[in-house]
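Student: Please take me through some features of this model.

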Amino acid sequence: MKKITSLLIAIAMSSIALAQNKEMKGGDIPFIDAAPYDTLMENKKVALYTITDGKVGAQISNYGGFIITLFAPDKNGNYNNLVTSYADIHKYMTYNLGQVGPALGRFANRIANAHFELDGQSFDVTKNSRQHILHGGLKGFDHTVWDVVSHNKNELVLKCTLADGLDGFPGNLTTTLTYSISDGGLKIYYAATTDKKTIVNLSNHAYFNLNGTNSDGDIMEHMLTIEADSITETNREGIPSGKLLAVDSTPYDFRKPCKIGDRQMVMKGFQFGQKFEIPEGKVMMYDNNFCLRHTKKGKVEKVATLYSPQSGITMEVWNDHPGLQVYTGARKAIALESQMYPDSPNHPEFPSTTLAPGEQYTHTCIYKFSAK
């Protein structure tokens, strides 16, 4: 999500050109041709980098840190790309949202009215989602050519600096972003420092379909579990009120495995502009921050599980952050974004997103795969 409304995102997602990812049997990971993702931008090389442990594999661009493919075997040992993607790098460079797998920063999710105060100083940042800022503005991580620090079979390390004043944010923010694969999982690790006090909330916006993103189906049959007793209350524009709402007896209660389609409206045959009523006990879509249960602050723990009965693939989400933004507006796939709470700079009651010189922001998120 970035720079258009949730409804427009759903429309855009339906027209995404998926990367070549034909099903392959026999245990070989069908990595796509890297050539359509190679180019030069800002006098820097942009390329597609492959990492794998032999069972799980991913291909990542140093433009925007986009996860373009992510492969894990299904219950029959077959492989499909499990994340949505565009067919060449130029579509990533020209999009106006339609987030499909980028790194998000320097502030993932929304800041109300594109305004916050820090140490008594007011900051007005770029408005790109109505009157608000979403996912860092016009040139965040997703439109940056990252420097490649190192690359080997299992790991890709990227680095960039977002300049002081870019999109209105204070401080030169230097971030090292590490993608690694081991033990059947993709680990994303962020480490950031600043030379001025600033705000930081880093994430990734991959969309997952455990049946493969080249399938005709949606994720309504997927089973979802989230370790959260509450969500942040928001208005229709996704802006938090500051209150936490208990999930008890609501469509947001995923503390036990639940089929997404049992809670979310199935929109088959829906036409744009059509009027409809949301049935009691259901939602039109999910675009919510779930307040995660952690036994200890900063500990990496399992916070969510996604399972597809069709493919037999289970994806566990592990993280050390307090929030998980769940987005299903496209219905073809689901985003599970590890993050801090949205609009945190304007809510002192929320976990702090402030970063000062001499401190280091870190964030770990792991997507672990198995099949049965």
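Student: In strand 22, which residue is the bridge partner of L224?

Tutor: This is a predicted model, in which local features need pLDDT of at least 70, side-chain atom pairs count only at pLDDT 80 or more, and totals for chains, interfaces and linings use all residues. Residues are numbered from 1 along each chain as its sequence is written, and side-chain values use heavy atoms, with hydrogens and water left out. Strand 19 (residues 223-226) pairs with strand 22 in the antiparallel sense over two bridges; strands are DSSP runs of E, at least two residues, numbered from the N terminus, and two of them pair if DSSP finds at least two bridges between them. The bridge partner of L224 in strand 22 is C258.

Student: Which strands are the edge strands of the open sheet?

Tutor: Nine strands form the open sheet, with antiparallel pairing, in the order 12-13-14-15-29-25-24-19-22. Each edge strand pairs on one side only, and these are strand 12 (147-151) and strand 22 (258-259).

Student: Is S203 buried or exposed?

Tutor: S203 is found in strand 17 (residues 203-204). Leaving aside neighbours within four places in sequence, S203 is in contact (heavy atoms within 4.5 Å) with residues including Y190, E337 and H363. Buried means under 20% relative accessible area and exposed over 50%, with partly exposed in between (1.4 Å probe, protein chains only). Because its relative accessible area is 1%, S203 is buried.

Methods:
Helix = DSSP H or I, 4+ residues; strand = E, 2+ residues; numbered from the N terminus.
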